Protein chains: 2
Amino acid sequence: MSDRCNFSHWLALEGLRATPVRLAVLEILGEATRALRAQEILDLIRTRRRVNKVTVYRILEDFTRRSMVRKLSLEGRVNHFELACEHHPPHPHFQCQTCREVQCLEPVALNRMWTELQGPVGNRADHIDIKVEGLCHKCRDIS
Amino acid sequence: MSDRCNFSHWLALEGLRATPVRLAVLEILGEATRALRAQEILDLIRTRRRVNKVTVYRILEDFTRRSMVRKLSLEGRVNHFELACEHHPPHPHFQCQTCREVQCLEPVALNRMWTELQGPVGNRADHIDIKVEGLCHKCRDIS
DNA sequence: ATTATACTTGCAACTCAGTTGATTTTGGGA
DNA sequence: TCCCAAAATCAACTGAGTTGCAAGTATAAT
């Protein structure tokens, strides 16, 4: 993913400076093959540089507001984040009940199920989140 | 919903005593027309009786483990709960981005989209959660 | 009926992801 | 070079949910 996005350019388009921490967040999310928790992102940045957690949380919040990343509420207290660039369109997620790891599934034709997911007349639906829960192949092999 | 379930009997089937707090939790969830947060359930019980929050959290956790209620992870830090009795089958949810209230949508043919929601070979999918986000009719009228 | 036992509730203290507000640092323009 | 807004930091806080243990309560055994 990261090889297909110019993060500095993307930040400039948003009117944001390409600071080291912002770039690190985008690069880490760009290289990830699954949705990451804020703490994981923080830990990964810290392998490169010293950074305060508040900085990372504020950047993630800002990116989410700008729709540069998607924040996923997959389980209780922890949010997961993934890049929302043009190369990474919305898609369903799979979360393993055992290891809690999040996989990204292939985008399905969300439009097709859109009409039947309308609520009471008057609601305006903006987007659909689909989560599949189960046991991933890794945990299945263990048990 | 509550008029269609015999909660005391249900608890007996699960080998649980029909204590006042357990019954109150089930009755409140049974009368609710939307998914409730733990704090809302707690507040509603407290209109009737004195109760410790730990008791309610433990009961909700226990009911969830027994699949008597479903715990929904719809947004960051707060879980929502709904009855999982035979009269209340799994269904998609709508959450308003403004008031954060959760509506229950009509059950759709989840089976139909099951096959296309399979992850990598080897995963075992157990259930699907669908969340629609948007603006509810009440908040739409205000703005 | 009385005791033993397991189940249930309560209380206080804790955890931990995320937030707030105030302060310091940085980096680009005048 | 100086200034100022943007960015990062720090400490302290928030609040949903958890833990461990004590106290209460119901059911079973004697």
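Me: What does H2(A) lie across?

Reply: H2(A) lies across S1, S2 and S3 of chain A, and runs at about 85° to S3(A). Angles run from 0 to 180 degrees between N-to-C directions, and axes are lines fitted to C-alpha atoms, for helices over the stretch in contact. Helices (H or I, at least four residues) and strands (E, at least two) are DSSP runs, numbered from the N terminus. This is a predicted model, in which local features need pLDDT of at least 70, side-chain atom pairs count only at pLDDT 80 or more, and totals for chains, interfaces and linings use all residues. Residues are numbered from 1 along each chain as its sequence is written, while chains are lettered from A and ligands numbered from 1 in the order in which they are written.

Me: What makes strand S1 (36-37) and strand S2 (69-72) of chain A edge strands?

Reply: The open sheet has three strands in the order S1-S3-S2 (chain A), with antiparallel pairing. S1 and S2 of chain A each pair on one side only, which makes them the edge strands. Two strands pair if DSSP finds at least two bridges between them; S2(A) and strand S3 (residues 80-83) of chain A are joined by four bridges, so they count as paired. Within that pair, Val69(A) has Leu83(A) as its bridge partner.

Me: Why is Asp62(A) called partly exposed?

Reply: Asp62(A), in helix H4 of chain A, has 15 other C-beta atoms within 10 Å. A residue is buried at 20 or more such atoms, exposed at 12 or fewer and partly exposed in between, with C-beta atoms placed from the backbone. The count of 15 falls in between, so Asp62(A) is partly exposed.

Me: How do H2(A) and H3(A) pack?

Reply: The angle between H2(A) and H3(A) is about 115°, and their axes are 10 Å apart. Val21(A), Ala24(A), Val25(A) and Ile28(A) of H2(A) make the contact with Ile41(A), Leu44(A) and Ile45(A) of H3(A); contact means C-beta atoms, placed from the backbone, within 7 Å.

Me: Which residues come closest to DNA strand C, and which come nearest to DNA strand D?

Reply: DNA strand C is surrounded by 21 residues, the closest being Ala38(A), Asn79(A), Arg17(B), Thr19(B) and Thr55(B). Near means that the C-beta atom, placed from the backbone, lies within 6 Å. H4(B) gives the largest share of this surface, four residues. Around DNA strand D there are 22 residues, and Thr19(A), Asn52(A), Thr55(A), Ala38(B) and Asn79(B) come nearest.

Definitions and conventions. Two residues are in contact if their C-beta atoms, placed from the backbone, lie within 7 Å.
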